[in-house]
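Welcome! Please open the structure below and keep it beside you as you read this short briefing.

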Amino acid sequence: MTPDIDARRLLDRIEAFARIGGNGDGGITREGFGAADLEARARLSKEAQIGGLDSTVDAAGNVLIRRPEGGRGAEGRRVLLFGSHLDTVANGGRLDGAYGVLAGLEVMQTIVESGAELTYEPVLVAFSNEEGALFPQPFWGSKVLAGALETLPEDPRDRSGRSLRHPLALAGGDLAALSTAVWPAESVAAYLELHVEQGPVLERGGRTIGVVDSITGRTQLTVEVRGSAGHAGTTPMELRRDPMTVAARIVLAVEDLAGEQRLCRVATVGWVEVQPNSPNTIADSVRLTIDLRDSVPSNLENAEQALRTSLASLGKQAEMHIDIRVDARAAPVATDPVLRAAITASADELGLPHQTLPSGAGHDAQIVARIAPIGMIFVPSIGGVSHVPEEDTAATDLVAGARVLLRTVLRL
Ligand code: GLV
Ligand code: MN
Ligand code: MN
């Protein structure tokens, strides 16, 4: 008989983790390497150990959960890696990331309890700092594991300038030993990630399972405009160098990239910081983030180039310095056809309606694609919303997704 997951145990765990970093209104703030994230990671390791599994943390702060007799490529066996992330955006939902990790834990426990035989060694991973909410190095853990060290700063800092060194050490990592967390490409046979869709497609189509065919590319920048602070009541308009007015034009220029100009699919300014942020003071400087997404690499390049041109002209016109920092670039990737077929066959076996769709959100899977074939399973998001407290998925769909993950793991 094919083993089955313990649905109650999975749903209870999802509830329990939703309380870590909970803001009281359903929203969760569990930013990577912040206090709540550390608590969630410790809780995951403890639950795994209680469940008879081994839990370790690598130098990048990734939590890795293995069968006690297994290990990384034990007896030369290649690894079937699966998981997601536990960190969230500020005031995000309880499922983005955590669902894939907790369903993965349920799958690992089911494998151990049933004594199922597998071709590859199953390893669960909770990647560190996927969102980049506090430390603007999204996909931090997966980038290190996949050996993309050259894309990471040597001394990563959060938005207030604090080094990652100490928070990473608190999580059990070690900034000086990142290379020890890199996995050789041939060690990973496949990577699977189960995630909530975060969009409206499955719900609208009345499908329970999404088989992801591609993941969007993404460019993230932080821009700083520096002007001159001054008194809001006494500084004549013609003598001002107000970075706020330039920032407002930048926000509109970003909208324009995906709007009028149609250079990329979507473009967002989601974070703004004003110094000194005082109602009766002209600002001294404004920092803001820009998030560009598209599934075609040249579209992302052209959008970034057009943005740089408008920023240069805005800066020149206003006689203000505009500084641009690239936080991350993630290429769009396709998922592996063999893994897509395995996911589809698992959904069919369970009698679950499914459909193939692209992911507009970013995922650690697109980084792991550098070293291994990847597959992604989606379940519907109620109302299609995510990165907000209202993010939710029906319990039956959460259970269905975990079942598909288990069957896919068993099938490979
Ligand atoms: C990841 O959460 C993203 O922003 O797509
Ligand atoms: Mn997210
Ligand atoms: Mn996510």
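In this predicted model, Arg226 and Glu224 join their side chains in a salt bridge, with 3.6 Å from N to O. Arg226 is partly exposed, at a relative accessible area of 36%. Salt bridges with shared partners also bring Arg9, Arg13, Arg43, Glu47, Glu106 and Glu113 together in one network.

**Salt bridges**

- Side chains of opposite charge can pair when their charged atoms come close.
- The structure holds 23 salt bridges, and one of them pairs Arg77 with Glu121, whose closest N and O atoms are 3.0 Å apart.
- Arg77 sits in the loop between β2 (63-66) and β3, while Glu121 belongs to strand β4 (residues 121-127), so this pair ties together parts that are 44 residues apart in sequence.
- Is Glu121 buried or exposed? Glu121 is buried, because its relative accessible area of 1% falls under the 20% limit.
- Another salt bridge brings the side chains of Glu150 and Arg370 together, at 3.2 Å from N to O.
- This pair links distant parts of the chain, 220 residues apart: Glu150 lies in the loop between α4 (140-145) and α5 (165-170), and Arg370 in the loop between α10 (365-368) and β16.
- Glu150 is exposed, with a relative accessible area of 57%, whereas Arg370 is partly exposed, with 47%.

**The manganese ion (ligand 2)**

- Which residues coordinate the manganese ion (ligand 2)? They are Asp96 through OD, Glu131 through OE and His387 through NE2, at 2.0 to 2.1 Å.
- Along the sequence, these donor residues follow the spacing D-x34-E-x255-H.
- Asp96 is in the loop between β3 (79-85) and α3 (98-114), and His387 is in the loop between β16 (374-379) and α11 (395-411), so the two tie together parts that are 291 residues apart in sequence.
- Asp96 is buried, with a relative accessible area of 5%, but His387 is partly exposed, with 37%.

- With Asp96 in the loop between β3 and α3 and His195 in strand β5 (residues 188-196), the pair ties together parts that are 99 residues apart in sequence.
- His195 counts as buried, at 1% relative accessibility.

**The largest pocket**

- The largest pocket has a volume of about 1,100 Å³.
- Its lining has 43 residues, and the closest to its centre are Val89, Arg218, Asp291, Arg293 and His387.
- Elements that give two or more residues to this lining are β6 (209-215), β7 (217-226), β9 (266-268), β12 (285-294) and β15 (354-359).
- Which element gives the most to the lining of the largest pocket? That is β12, with four residues.
- By class, the lining has 16 nonpolar, 16 polar and 11 charged residues.
- Domain 1 (7-216 + 332-411) and domain 2 (218-330) each supply at least three residues to the lining of the largest pocket.

Key
Residues numbered from 1 in each chain as written. Chains lettered and ligands numbered in written order. Predicted model: local features only at pLDDT ≥ 70, side-chain atom pairs only at ≥ 80, totals over all residues. Heavy atoms only, no water. Donors = N, O, S within 2.8 Å, 3.2 Å for Na, K, Ca; no water. Buried < 20%, exposed > 50% of the residue type's maximum accessible area, 1.4 Å probe, protein only. Salt bridge = Lys/Arg side-chain N within 4 Å of Asp/Glu carboxyl O. 1 Å grid on protein atoms, 1.4 Å probe; cavity = no way out; pocket = protein on both sides within 12 Å on 5 of 7 lines; lining within 4 Å. Points joined across faces, edges and corners; volume = space filled by probe spheres on them. Nonpolar A, V, L, I, M, F, W, Y, C, P; charged D, E, K, R; others polar. Domains from an automatic or database assignment.
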